[in-house]
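Subject: Structure handover

Hello,

Here is the structure for you to look at. My notes follow below.

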Amino acid sequence: MRNEIDNRYLPNYLNGTAPISNYLTNVNSTTPTGFMSSKFRSPVPAQNEANQTTYDMYVFRYAEVLLIYAEAKAELGSITQGDLDISINQLRARLDEPDLPGGKMGRLTLNPPADPNALINGQPRYGYQLSPLIYEIRRERRVELAFEGFRWDDIVRWKAGKLLENPNTVYGIVASAAVQQEYDNYFGSDIFSGVNVVTYDDWDGSKKLVAPYTVAMRKWNDKLYLKPIPRDQILLSKGQIQQNPGWQ
């Protein structure tokens with residue numbers, strides 16, 4: 001389990017000494033989806049103050065080096081099980097927490113089973129076919145580097161803008177009757193009052209999800225793979241530079 005989203009299994013030292021698990025994240029204007037980022041945050045409140053903390057910040061991520069290595073070898077078609085064991089599986093091994101829900105993370109092999117999430121209504125989620133192995137390596141990169149500013153560059157690099165058209169990218173937490181009752185019991189009030197909840201048919205069945213946005217779908221435009229060239233630069237080039245497609 002990667003400590004990226006607040007959940008009941010993360011300790012928060014609310015009284016400064018004894019760890020108290022953060023139970024449920026509220027659904028309000030601060031966390032409209034119900035998902036609160038906790039990555040790089042210390043469980044000690046004082047360590048979350050920028051001008052007081054002694055919490056180390058990452059400058060260079062070794063995990064990213066391992067991810068780049070695995071992806072490059074896979075794309076070149078020369079990856080071996082040994083390559084996976086010194087890269088992806090090193091990341092997974094350090095996060096094995098068998099006492100937590102979900103049990104131990106599986107070791108990635110050269111021929112993993114196809115992820116059911118790879119297809120939406122029978123069509124590839126990426127807009128094109130991927131081998132199960134490369135799909136898993138990309139998924140690992142998304143999870144490991146979440147909230148670190150890599151995602152947009154990866155989507156552009158993979159020509160994977162179709163991923164943004166998945167409705168789940170703008171929906172929030174599951175809001176089944178049982179979940180709503182659990183939240184109401186914990187906070188002592190109806191916190192879902194006024195919260196927009198929609199029913200969505202996902203690959204594993206129908207779900208009620210928090211929908212914080214009035215427009216649930218996004219439509220990708222291929223022009224976004226390139227940024228617009230500033231108009232003054234085009235003028236200064238005296239016709240040598242043309243505007244990128246779609247930005248004319």
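Is Phe-147 buried or exposed? Phe-147 is exposed, because its relative accessible area is 53%. Buried means under 20% relative accessible area, exposed over 50%, and partly exposed in between, with a 1.4 Å probe and protein chains only.

Some ground rules. This is a predicted model: local features need pLDDT of at least 70, side-chain atom pairs count only at pLDDT 80 or more, and totals for chains, interfaces and linings use all residues. Residues are numbered from 1 along each chain as its sequence is written, and side-chain values use heavy atoms, with hydrogens and water left out.

The overall fold

The chain has 7 helices and 6 strands. These are DSSP runs numbered from the N terminus: helices are H or I with at least four residues, strands are E with at least two. The order along the sequence is β-β-α-α-α-β-β-α-α-α-β-β-α. The C-alpha trace spans about 65 × 50 × 50 Å along its principal axes. Of the 248 residues, 32% are buried.

The loop between helix 4 and helix 5

Phe-147 sits in this loop. Its phi is positive, about 70°, although Phe-147 is not a glycine. Glu-148 is in the loop too, between helix 4 (132-144) and helix 5 (151-157). The Glu-148 side chain makes a polar contact with the side chain of Arg-61, at 2.8 Å. A polar contact is a pair of N or O atoms within 3.5 Å; within protein, one must be able to donate a hydrogen and the other to accept it, and residues adjacent in sequence count only if both atoms are side-chain atoms. Neighbours within four places in sequence aside, Glu-148 is in contact (heavy atoms within 4.5 Å) with Lys-39, Phe-40 and Arg-61.

After helix 5

Lys-159 lies in the loop between helix 5 and helix 6 (177-187). Lys-159 also has a positive phi, about 50°, and is not a glycine. Lys-159 counts as exposed because its relative accessibility is 54%.

The aromatics

Rings of Phe, Tyr and Trp (its six-membered ring) pair if their centres lie within 6.5 Å; planes under 30 degrees apart count as stacked, over 60 as edge-to-face and the rest as tilted. The count comes to 9 aromatic pairs. Tyr-126 and Tyr-135 are edge-to-face, because their ring centres are 5.9 Å apart and their planes are at 75°. Tyr-126 is buried at 7% relative accessibility, and Tyr-135 is buried at 11%. One aromatic cluster is formed by Tyr-126, Tyr-128, Tyr-135 and Trp-158.

Best wishes
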